[in-house]
Amino acid sequence: TVMNYPFRAAVKGFLCEGLGSREFFSTLAALRAGYRRAPHGCLWNLVGSHDTPRFLTLAQGDKSLLRMAALIQMTFPGAPFIYYGDELAMEGGRDPDCRRGMAWDEGDRAMTSYVTSLIAARKKHPVLRYGEFEALESPDGILACRWSYGKSEAVVLVNISAAPFSCSAGGEWLDPITGERLSGVLSAAPGEGRVFVRSEIS
């Protein structure tokens with residue numbers, strides 16, 4: 001269905017429950033195979049809703065996992081769906097606890113800033129919305145994928161392992177979240193998710 005709970009299950013499984021990288025991508029591939037191509041971009045990339053515990057609660061308060069979940073929402077095929085308050089790092093258990101009132105004057109403003117920057121990057125770089133998606137070979141604990149759209153490319157790395165991860169990538173790249181420019185090697189530290197693009201800067 002459009003709410004796309006299998007996406008949530010895969011993200012939760014990988015970030016919180018030990019699901020392997022190959023199993024994660026296999027889940028998403030099977031999900032897309034169940035639909036014609038046209039609806040793929042309409043499926044919600046959600047990690048929380050009014051019917052589920054909030055992601056930060058499932059992650060036992062680990063905000064680095066919430067940040068990586070937000071990155072996956074914004075950089076994987078589908079339509080990002082932010083359940084109100086996730087951008088403020090709100091917690092909440094099973095219904096009705098997940099339906100707490102919006103914490104307008106509270107919450108984690110750094111998380112809000114990060115989610116805002118992810119949204120801006122997705123809007124600015126069409127490759128993250130319209131490109132061809134490809135999962136890259138990577139060890140467990142690492143999600144690595146590539147988007148291509150015309151002459152534009154993007155690489156997404158999510159690292160929940162205990163060691164840094166890097167991959168070779170020719171040309172000049174930009175991290176649209178930090179503004180950092182890189183060449184030759186793209187990397188993500190433990191507990192970090194990153195997105196890199198090369199299009200307008202090439």
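Predicted model: local features only at pLDDT ≥ 70, side-chain atom pairs only at ≥ 80, totals over all residues.
Let me begin with the overall count. A search of the whole structure returns 11 salt bridges, and I shall discuss some of them.

The salt bridge between D51 and R99 has its closest N and O atoms 3.5 Å apart. This pair connects distant parts of the chain: D51 belongs to the loop between β1 (44-45) and α3 (55-58), while R99 belongs to the loop between β2 and α5, 48 residues apart. D51 is partly exposed, because its relative accessible area of 45% lies between the limits of 20% and 50%. R99 is likewise partly exposed, with a value of 41%.

A salt bridge also joins the side chains of D86 and R54, at 2.9 Å from N to O. Here too distant parts of the chain are linked, with D86 in the loop between β2 and α5 and R54 in the loop between β1 and α3, 32 residues apart. Are these two residues buried or exposed? Both D86 and R54 are buried.

I turn next to D97 and R100, whose salt bridge brings the closest N and O atoms to 2.9 Å. D97 counts as partly exposed at 30% relative accessibility, and R100 does so at 38%.

Finally, I come to R94, in the loop between β2 (79-80) and α5 (109-124). Which residue lies 4.6 Å from R94, C-alpha to C-alpha? That residue is P53, which is 41 residues away from R94 in sequence. R94 is classed as exposed because its relative accessible area, 69%, is over 50%.

How values were computed
Residues numbered from 1 in each chain as written. Heavy atoms only, no water. Helix = DSSP H or I, 4+ residues; strand = E, 2+ residues; numbered from the N terminus. Buried < 20%, exposed > 50% of the residue type's maximum accessible area, 1.4 Å probe, protein only. Salt bridge = Lys/Arg side-chain N within 4 Å of Asp/Glu carboxyl O.
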